[in-house]
Amino acid sequence: MSTANPSPLWQPDERTIEQARITRFQAWAAQRHGAPATGGYAALHRWSVTELEAFWAAVADWFDVRFGTPYARVLDDPGMPGAHWFPGATLNYAEHALRAADQRPDDPAILHVDETHEPHAISWAELRRQVASLAAELRALDVRPGDRVSGYLPNIPQAAVALLATAAVGAVWTSCSPDFGARSVLDRFQQVEPVVLFTVDGYRYGGKDHDRRETVAELRRELPGLRAVVHIPLLGTPAPEGTLDWSALTAGSGEPRYEQVPFEHPLWVLYSSGTTGLPKAIVQSQGGILLEHLKQLGLHCDLGPEDRFFWYTSTGWMMWNFLVSGLLTGTTVILYDGSPGHPDTGAQWRVAARTGATLYGTSAAYVMACRKAGVRPAHDHDLARIRCVATTGSPLPPDGFRWLHGVRDDLWIASVSGGTDVCSCFAGAVATLPVHIGELQAPCLGTDLQAWDPQGRPVVDEVGELVVTRPMPSMPIHFWNDPDGHRYHDSYFDTYPGVWRHGDWITLTSRGSVVIHGRSDSTLNRQGVRMGSADIYEAVERLPEIRESLVIGIEQPDGGYWMPLFVHLAPGAVLDDTLRDRVKQTIRSDLSPRHVPDEIIEVPGVPHTLTGKRIEVPVKRLLQGTPVDRAVNPGSVDDVELLRFYEKLGRERH
């Protein structure tokens, strides 16, 4: 990669730099906590990763984090895995998410939008009242700190209320989107054994109603630890027998009672994609998420009480949790429940305009779809309030940067990259730095991001593995049902001992920006949603015609994503249109529409390691044009000749 410094696509003006919250934070932290007063963002970042304790103490002070009991020190043990943050401290995430109700009770905390694109506001006072009522009802159900509370819900205000009420009582939240089939949900929820389940009767997407009552009934049967099921009649159906009514549980009045829990007390469980088996149940802490999201939203995203924050997401993606955390900075959050492209490709822009969003987040894939469809957002909508358009889920191609710049040339374009594993960003938005085409602006504060070669040596202006060499507060406190930490260790620390390896290829440029090249492992990442190949295998291979299958996801140079499904057929089976349709319908109904492959291709066989594991990463490399002898060690494969098929296909596609 060239180390030249091309002209930036966008440059913040002096007023923007002066007024940015990150500028004010640096000046304040220089006076109070020893941060460098000069040197701009580069100096602040260097200090934030070399002086971790001083930096995170400064974040807690700057955002006035309310500790029920004070902390003994910031970081008790810096080793990874196992770093211990703020020992002795107690606090509550929900208390911080709702404290704007004290000063601005009548301002909107949430704007809810469905496919009518009509915003409906919920005030801070009303949000706090509903959370208080629901938290009291959860306590009445004997939900205690550490109990799990689950949601099978779309991106609606009730989901945010349920999360906050769960956090208020010290219980542990977990959620899935209702476009997930029962098996996908149970693979997640059965691991954590929830005691309460919040459900809808269905959801609306693409102008159609999708009834989920049968799925809900199956979840109830297969989750024996449930004490209560709460029915939210989104489609207007009556409550099933034995369920509780949402409106009754949120009808009370009074102030919330916030359980003061230890800093590292579980807040929520997120899930990995389940590439090699059951999804990993990733547990993150109340305090770790609170500080990380205050930093990310309040400093990097430059959000405050005057802002409106919209990110297109679903409750099955970490970006939903991140979006709800916009409440921490007193920001109005915009919850859109619907298709990203209904009634037309420009739908998200219409929502951003109608709600007055100041930061609008979406996927790189959506940006490229808008470009391809000839969408003209600034011509069709009033986008005057939008300061920043952010993208994640996959790298934003150069043409995506150019297209967004063409929407409005003063837009701050923030391509960001992080992960479910930390529920945050490793690199991305900095309001005071320029934007270069195809690059993320910088590593985030408190994140010692590096690119390493296979020998564990840092490289600059070269492609390397994304690693983080010092702990972050939002790293998982553990995985659920991983008592000795073996699975957690193997997920991130088996390649470079004591150093987090994330599974992305990146380049750190000599000017401090970051380029993301895509996954270095076999995780599927489609439209910003990470998915597991194991889910697809389980669904497809129940069909008698399919002997075995292999699914691969490949980032395309134009920003697209190709996800073929290779099938090895049973004797006598024929891959005709009828079988293709059955495969797609099985995946759509058992998993979700996002899991449906772009192509279904018959293959002579699926290659394996000598221990019987399907070979995914080497096949991905072959399909990207890498020769067999460079893509895989032949001695580790059960049948090298099978790989020739994929090598030939890769050559043909390139």
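Trainee: Is Trp 268 buried or exposed?

Mentor: In this predicted model, Trp 268 is buried, and its relative accessible area is 0%.

Trainee: Which ring does Trp 268 pair with, and in what geometry?

Mentor: Trp 268 pairs with Tyr 93. The ring centres are 5.9 Å apart and the planes meet at 70°, so the pair is edge-to-face. Tyr 93 belongs to helix H5 (residues 93-97) and Trp 268 to strand E14, so the pair links parts of the chain that are 175 residues apart. Tyr 93 is buried as well, at 0% relative accessibility.

Trainee: How many aromatic pairs are there in the whole structure?

Mentor: A search finds 31 aromatic pairs. One of them joins Phe 86 and Phe 263, which are stacked with 4.6 Å between centres and 25° between planes. This pair also connects distant parts of the chain, 177 residues apart. Phe 86 lies in the loop between strands E2 (84-85) and E3 (90-91), while Phe 263 lies in the loop between strands E13 (261-262) and E14 (266-271). Phe 86 is buried, with a relative accessible area of 1%, and Phe 263 is buried with a value of 1%.

Trainee: Which residues do ring pairs link into a cluster?

Mentor: The cluster consists of Phe 25, Trp 28, Trp 47, Phe 55, Trp 56, Trp 62 and Trp 85.

Trainee: Where does the charged end of Arg 614 sit?

Mentor: It sits over the ring of Tyr 537, 3.7 Å from the ring centre.

Trainee: What is Phe 198 in contact with, leaving aside neighbours within four places in sequence?

Mentor: Its contacts include Leu 134, Leu 138, Val 149, Tyr 152, Trp 173 and Trp 246.

Trainee: Now helix H20. Which of its residues are buried?

Mentor: Leu 579, Val 583, Thr 586, Ile 587 and Asp 590 are buried in H20. They cover an arc of only 95° around the axis, which puts them on the same side of the helix. The face turned away from that buried side carries the exposed residues Asp 577 and Thr 578.

Trainee: What span should H20 have?

Mentor: With 14 residues (577-590) at 1.5 Å a residue, H20 should span 20 Å. Its end C-alpha atoms are 20 Å apart, which agrees.

Trainee: What is the phi of Asp 302?

Mentor: Asp 302 has a positive phi of about 60°, although it is not a glycine. This residue lies in the loop between helix H12 (286-300) and E16, and at 7% relative accessibility Asp 302 counts as buried.

Technical notes:
Residues numbered from 1 in each chain as written. Predicted model: local features only at pLDDT ≥ 70, side-chain atom pairs only at ≥ 80, totals over all residues. Heavy atoms only, no water. Helix = DSSP H or I, 4+ residues; strand = E, 2+ residues; numbered from the N terminus. Expected span 1.5 Å × (residues − 1). Buried < 20%, exposed > 50% of the residue type's maximum accessible area, 1.4 Å probe, protein only. Arc of directions from axis to C-beta. Phe/Tyr/Trp six-rings, centres within 6.5 Å; stacked < 30°, edge-to-face > 60°. Lys NZ or Arg CZ within 6 Å of the ring centre and 35° of its normal. Contact = heavy atoms within 4.5 Å.
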